[in-house]
Each structure stands twice: as structure tokens, then as C-alpha cells.
Amino acid sequence: MYSEAKPRILFTRQEIEATVSQLAVRISKDYQDKNPLLIGILKGSFMFMADLIRLLNFPLEVEFIRLSSYGRGRASAGKIKVVQGLRTPIKGRDVLVIEDIVDTGLTITFLLDYLQKKQPASLKLCALTDKPSRRKIPVTIDYLGFTVPDKFVVGYGLDWDEKFRNLPDICYLEDE
Ligand code: PRP
């Protein structure tokens, strides 16, 4: 569908840098003395996580979790499971989940529920992008970078069919 598509820029690398810096300021204020555990959801969050934590100048720890959803085409089919779990106990920890995009909300709702059961001291969500037009379940995003339109968004970690993750800008694909 998008195999011939040319990525067009939605947010430039400079805009991303400025926005990630603003998020880092807010997160630093809230987590300065908490030694938080930042949990990135693979694969999409890897670039955002790498840039964000370089701007956080206080003690923190990093974890990644990998989820899969079956029968998904362009969006989650709703059957989500953990394929690579945490190696760090989170009970009593201040946990901040780092996500690249909240679309229908199914993935993050599943994950927050999964993590909440492990009794963290606090659990918040930081998302680089939000596509509210496609939401199926309400989601509270505590720290949000960009709101994106209902287009297929790629780049800066986000993929289409595993491609375009390496683009330094946040782009969208148009099928032509
Ligand atoms: C993407 C994205 C979110 C999820 C959002 O992950 O990283 O985790 O979809 O969609 P939802 O709100 O509709 O559930 P994907 O399964 O494409 O994996 P990836 O991170 O490896 O690209």
C-alpha cells in the first residue's frame, strides 16, 4: 500500500529536538529525586528514549519491553501479549513508560494495566506522538510531544513494514 510512498516531513529534526528538550525539563522537575525506571516499548521508542535520557541529568534506570499484537495490519488488532518482559522488579518504583505513538490506545492500555498489577509506586506515560482521531479507548498521556493527524506516521523510530525507522524527522506517508 505504501511501498512506493515518499515520506513527507511532518515535524523536522529541529522541532523534535526542541520538543524532546521541553519534555525533558518537565520530567526532570517531576522525577529529580525518584530514581525512576523508564520503560521503553520496542521497537518504536528506541530513538526517542535515546534522545530523551541524554537530557535527563539525574539518576534513573532504563528498561525495555516488547509487545506483539496479532492480526494487525495498519493498527492493533487488540490481541496483545508481552514477548520480551522486564528484568527489573517494578514494585514500589516510580515508572515512566516511553512510547512512540498512541493510536487506538489498545497497546498502551494493555501495558499500563499489565504494569499496574505489579504495584509500582507511580505509573505515568510519556508519548512522543498522539493520534487522537483513531482512539478506541481513552488514554491519559502525562507527557506528550506531538499530536499527529490521521496519516501513516513514520521516522524517528516509527515504521511502516519495518522500514523508515531511521528517518531523522517525523514524516507521513501518502499513498499515490
Ligand atoms: C506501534 C506503536 C505503539 C502501537 C500503537 O507499535 O509503537 O506501540 O503501535 O498502536 P495502538 O495505540 O493502536 O495500539 P507496533 O506494534 O507497530 O510495533 P513497533 O513499536 O515495533 O513498531
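Colleague: On what basis are the values given?

Modeller: The model is predicted, so local features need pLDDT of at least 70 and side-chain atom pairs count only at pLDDT 80 or more, while totals for chains, interfaces and linings use all residues. Residues are numbered from 1 along each chain as its sequence is written, and side-chain values use heavy atoms, with hydrogens and water left out.

Colleague: How many aromatic pairs does the structure hold?

Modeller: A pair of aromatic rings is described by the distance of the centres and the angle of the planes. Rings of Phe, Tyr and Trp (its six-membered ring) pair if their centres lie within 6.5 Å; planes under 30 degrees apart count as stacked, over 60 as edge-to-face and the rest as tilted. The structure holds three such pairs. In one of them, F11 and F146 are stacked, because their ring centres are 4.1 Å apart and their planes at 25°.

Colleague: Which parts does the pair of F11 and F146 tie together?

Modeller: Helices (H or I, at least four residues) and strands (E, at least two) are DSSP runs, numbered from the N terminus. F11 belongs to strand β1 (residues 7-11) and F146 to strand β7 (residues 143-147), so the pair ties together parts 135 residues apart in sequence.

Colleague: Are F11 and F146 buried or exposed?

Modeller: Buried means under 20% relative accessible area, exposed over 50%, and partly exposed in between (1.4 Å probe, protein chains only). F11 is buried at 15%, and F146 is buried at 7%.

Colleague: What is the order of the strands in the open sheet?

Modeller: Two strands pair if DSSP finds at least two bridges between them. The open sheet of three strands has the order β1-β9-β8, with antiparallel pairing. β1 and β8 (152-154) each have a single partner strand, so one side of each is left without a neighbour in the sheet. Four bridges join β1 to β9 (residues 170-173), and I9 stands opposite C171 in β9.

Colleague: Which residues have the most contacts inside the largest nonpolar core?

Modeller: In soluble globular proteins, nonpolar side chains tend to be buried together. A nonpolar core is a set of buried Ala, Val, Leu, Ile, Met, Phe, Trp, Tyr and Cys residues joined through side-chain atoms within 4.5 Å. The largest has 26 residues, and I27, F48, L52 and C126 have the most contacts inside it. Helix α1 (13-31) is among the elements that give two or more residues to this core; α1 gives the most, with six residues.
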